[in-house]
Amino acid sequence: QVQLVESGGGLVQPGGSLRLSCAASGGIFSIYVMGWYRQAPGKERELVARISTGGLKITYADSVKGRFTISRDNAKNTVYLQMNSLKPEDTAVYYCNAVRDWGGTGINYWGQGTQVTVSS
């Protein structure tokens, strides 16, 4: 059983930056594909970014390419999401995700979410 705890959300002005962190415990962090998802009010949860176990394979949603960067530190059991040039449409609850396979067909573990609000 993997437990995930996100942190780093908050209120930021358009064009600003935030760094989200997700600390994992209860499992072998390095064997999990890690991802960040987000869910805005009235919308479905969507994949923002995903990173492979060793960090060599990464994918981003088209809407965040060039602005967001996902990374992981297996020694610290932590995955990060650096978010730059934030836009109001990035406002959402951001969730950390862990799964054993890249396709996400295995058991998915979720954090409780952290709110990101982009507004002037």
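Q: How many bridges join strand β4 to β9, and in which sense do they run?

A: Good place to begin; keep in mind that this is a predicted model. Two strands count as paired if at least two bridges are found between them. Here, β4 (residues 33–39) and β9 are joined by seven bridges and run antiparallel.

Q: Which other strands does β9 pair with?

A: Strand β11 (residues 114–118) pairs with β9 in the antiparallel sense over three bridges; there, Ala-92 stands opposite Val-116. Strand β10 (residues 109–110) is joined to β9 by two bridges, again antiparallel. In that pairing, Trp-110 of β10 is found opposite Asn-97.

Q: Is strand β9 mostly covered or mostly open?

A: The general idea is to look at relative accessible area, where buried means under 20%. Strand β9 (residues 92–99) is mostly covered, with eight of its eight residues buried. Take Asn-97, which lies in this strand: its relative accessible area is 2%, so Asn-97 is buried.

Q: What does the side chain of Asn-97 make polar contact with?

A: For a polar contact, look for a pair of N or O atoms within 3.5 Å, one able to donate a hydrogen and the other to accept it. The Asn-97 side chain makes such a contact with the side chain of Asn-108, at 3.0 Å. The side chain of Asn-97 also reaches the backbone oxygen of Tyr-109, at 3.5 Å.

Q: Which residues does Asn-97 touch, not counting those up to four places away in sequence?

A: Here the test is heavy atoms within 4.5 Å. Leaving out residues up to four places away in sequence, Asn-97 touches Leu-4, Val-33, Met-34, Gly-35, Tyr-37, Asn-108, Tyr-109 and Trp-110.

Q: Now for the open sheet: in what order do its four strands come?

A: The order is β1-β3-β8-β7, with antiparallel pairing. Because β1 (3–7) and β7 (68–73) each have a single partner strand, they stand at the edges, and one side of each is left without a neighbour in the sheet. From one strand to the next, the twist averages 15°.

Q: How many bridges pair β3 with β8?

A: Six bridges pair strand β3 (residues 18–25) with strand β8 (residues 78–83), in the antiparallel sense.

Conventions:
Residues numbered from 1 in each chain as written. Predicted model: local features only at pLDDT ≥ 70, side-chain atom pairs only at ≥ 80, totals over all residues. Heavy atoms only, no water. Axes fitted to C-alpha atoms, helices over the stretch in contact; angles between N-to-C directions. Buried < 20%, exposed > 50% of the residue type's maximum accessible area, 1.4 Å probe, protein only.
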